[in-house]
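Take a guided walk through this fold.

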Amino acid sequence: AIRKRLMADRRIGCFLSGGLDSSLVSALLVKLSKEQNIPYKIQSFAIGMGESPDILAARRVAQHIGSEHHEVSFSEQEVSEVLETVIITLETADITTIRASIGMYLISRYVKNNTDTTVLFSGEGADELAQGYIYFRDSPNANSGHEESIRLLTDIHKYDGLRADRTTAAHGLELRVPFLDLQFTNYFLKLPAEIRQPQNGVEKHLIRSAFSDTGLLPDNILWRHKEAFSDGVASIKKSLFQVIQELVENKVSDAELASAPTKYPHCTPKNKEAYYYREVFEKHYKGQSEWLVPYFWMPKWIEVSDPSARFIKHYAADSEEGK
């Protein structure tokens, strides 16, 4: 899937968060580019607020695979400056999609303004395809996990696919997503459902084990637990969604939030962050929410009021195991 996507008239690079998916794609991209004698070094790009978990993990991967690595640091002020633009770019009011888009929008802007890389490889789609979200551990059985993968893939254009496409295209970049290759996706989904579900509390176990003992990635990256995006680019002490909630606190009054069920009966905002997103959305795309935002993206099989993985009982980012 990666090899067939190497054809390009423009320079190729990769997004690298230090998580399993982007690390595998980046490592294979660098390996295959050397085999095909691509006449330049592959550039990799990571983003975070200071020495965030993703920045540190991506740095280890870049050193291991030998990419020309770029680290992009962003501040709370930059989050404030681009938040409304990100919502307009996405054409959505979905909470987790907007949160996850901020970092990708900022890193895409950096790539456009500071490098000659135009084609970016990414690990998008692996969580939907390979049951990578932490809540898959709560799936009652293998078939339920398979059906949830199908649902996520069917709707990906409204959520993570939307995020990846809009934030890169807004800066004239071309995104390539090998995990969503049609042949690979069809092959993977035909494998027995039992081996595609999390094993012993480890999501994407099948993909991890397939590359075990190959030396392609360091073991602490290959078996790194999934982090909530908000924690990965920020920190476990102050997550990105907490930064955003502080920024919008004074932009929405208590009275406005109390009016939300009447004003917005579809996908009713439950907190000031969600209300702010909806207000910006309606300002530019009035009355379009029912088909642009069919539902809020939320974990399944568990009772949570926020889409962040931080609120899932299995989340391990604040423990030594999750580092």
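Thr97 is buried, at a relative accessible area of 1%. Here buried means under 20% relative accessible area, exposed means over 50%, and partly exposed lies in between, with a 1.4 Å probe and protein chains only. Thr97 sits in helix α4. Helices (H or I, at least four residues) and strands (E, at least two) are DSSP runs, numbered from the N terminus. Leaving aside residues up to four places away in sequence, Thr97 touches Leu90, Thr92, Lys158, Tyr159, Leu162 and Arg163. A contact means heavy atoms within 4.5 Å.

This is a predicted model, in which local features need pLDDT of at least 70 and side-chain atom pairs count only at pLDDT 80 or more, while totals for chains, interfaces and linings use all residues. Residues are numbered from 1 along each chain as its sequence is written, and side-chain values use heavy atoms, with hydrogens and water left out.

Stay with α4 and look at its meeting with α3. Two packed helices are described by the angle between their axes and the distance between the axes. Helix α3 covers residues 76-90 and helix α4 residues 95-114; their axes come within 9 Å and cross at roughly 105 degrees. That makes α3 roughly perpendicular to α4. Angles under 35 degrees count as roughly parallel, over 145 as roughly antiparallel, 65 to 115 as roughly perpendicular, and the rest as oblique. Axes are lines fitted to C-alpha atoms, for helices over the stretch in contact, and angles run from 0 to 180 degrees between N-to-C directions. The residues of this contact divide into 10 nonpolar, four polar and two charged. Ala, Val, Leu, Ile, Met, Phe, Trp, Tyr, Cys and Pro count as nonpolar, Asp, Glu, Lys and Arg as charged, and the others, Gly among them, as polar. On the α3 side, the contact residues include Val79, Val82, Leu83 and Leu90. On the α4 side, Thr97 is one of them, and Ile98, Ile102 and Leu106 are also among them.

Now turn to the sheet. In what order do the five strands of the open sheet lie? The order is β3-β2-β1-β4-β5, and the pairing is parallel. Two strands pair if DSSP finds at least two bridges between them. β3 and β5 stand at the edges with a single partner strand each, so one side of each is left without a neighbour in the sheet. From one strand to the next, the twist averages 30 degrees. Helix α4 packs on this sheet and touches β1, β2, β3, β4 and β5. The direction of α4 makes about 140 degrees with that of β2.

Take the pairings one by one. Strand β2 (residues 43-48) and strand β3 (residues 68-73) are joined by six bridges. Gln43 has Glu68 as its bridge partner in β3. Three bridges link β2 to strand β1 (residues 11-15). There, Gly13 is partnered with Gln43. On to β4: four bridges connect β1 with β4, and Gly13 stands opposite Leu120. Finally, three bridges join β4 to strand β5 (residues 174-176), with Arg176 as the partner of Phe121.

β1, helix α1 (residues 20-35) and β2 make a right-handed β-α-β unit. β2, helix α2 (residues 53-65) and β3 make another right-handed unit of this kind. Right-handed means that, with the strands pointing away from the viewer, the path from the first strand over the helix to the second runs clockwise.

Is β2 covered or open on its faces? Both faces are covered: Gln43, Phe45 and Ile47 on one side, and Ser44, Ala46 and Gly48 on the other, are all buried. In a regular strand the side chains alternate between the two faces of the sheet. Strand β4 (residues 117-121) has five of its five residues buried, so β4 is largely enclosed by the rest of the structure.

Lys41 lies between α1 and β2 and is partly exposed, at 47% relative accessibility. Its contacts, not counting residues up to four places away in sequence, are Arg11, Gly66, Ser67 and Glu68. Gln131 lies in the loop between α5 and α6. Its phi is near 60 degrees, a positive value in a residue other than glycine. Gln131 is buried, at 0%. Asn200, between α9 and α10, also has a positive phi, about 55 degrees. Asn200 is exposed, with a relative accessible area of 80%.
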